[in-house]
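Here's a quick briefing to read alongside the model. It covers strand pairing first, then pockets.

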Amino acid sequence: MCTVIDIVDQKRVVVDGPESLTGVRRHMMPVKRLSLTDFKCGIFRGAREKQLKAALEKDETMRKWSETAWAKKLQAKKVRANMTDFERFKLMVARKNRA
């Protein structure tokens, strides 16, 4: 998840994570690659990382994001990708027993 900081032109925007919270550094990104959410953060155009962090904490945006189905799906995908061979085997056995 990242926050739109500034609009460069009709096709590009500047986004920031901030990196310490989301792992996204400040960079320019095409609008085509963005998927917008309903979350809005009270910051001014071109806000610095410190101001962005404060606004995200004040609005509890990261907590709200982590409660969405989209974020839960991404987290589950990440957990599945980091599974060991034995964990995948245990999951397969559990699914067979449940069915």
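Two strands count as paired if DSSP finds at least two bridges between them. With that in hand, a hairpin links strand 1 to strand 2 by way of four residues. Keep in mind that this is a predicted model.

**Strands**
- Strand 1 (residues 3-7) pairs with strand 2 in the antiparallel sense, over four bridges.
- Across that pairing, Ile7 sits opposite Val13 in strand 2.
- Strand 2 also runs antiparallel to strand 3 (residues 27-30), and four bridges join them.
- Val15 has His27 of strand 3 as its bridge partner.
- Strand 2 (residues 12-16) is largely enclosed by the rest of the structure, because four of its five residues are buried.

**Largest pocket**
- Its volume comes to about 620 Å³.
- The lining of the largest pocket takes in 24 residues, with Cys2, Thr3, Val4, Leu36 and Thr37 lying nearest the centre.
- Strand 1, helix 3 (61-66) and helix 4 (69-81) are the elements giving two or more residues to that lining.
- Strand 1 gives the most, with five residues.
- Sorted by class, the lining of the largest pocket has 16 nonpolar, four polar and four charged residues.

**Second largest pocket**
- This one has a volume of about 170 Å³.
- Trp65, Ser66, Ala71, Leu74, Gln75 and Lys78 line the second largest pocket.
- Helix 3 and helix 4 each supply at least two residues of this lining, and helix 4 gives the most, with four residues.
- By class, the lining of the second largest pocket splits into three nonpolar, two polar and one charged.

Conventions: Residues are numbered from 1 along each chain as its sequence is written. This is a predicted model: local features need pLDDT of at least 70, side-chain atom pairs count only at pLDDT 80 or more; totals for chains, interfaces and linings use all residues. Side-chain values use heavy atoms; hydrogens and water are left out. Buried means under 20% relative accessible area, exposed over 50%, partly exposed in between (1.4 Å probe, protein chains only). On a 1 Å grid over the protein atoms alone, a cavity is a set of points where a 1.4 Å probe fits but cannot get out, and a pocket is an open set with protein on both sides within 12 Å along at least five of seven lines; lining residues have an atom within 4 Å of a point. Grid points are joined across faces, edges and corners, and a volume is the space filled by probe spheres set on the points. Ala, Val, Leu, Ile, Met, Phe, Trp, Tyr, Cys and Pro count as nonpolar, Asp, Glu, Lys and Arg as charged, and the others, Gly among them, as polar.
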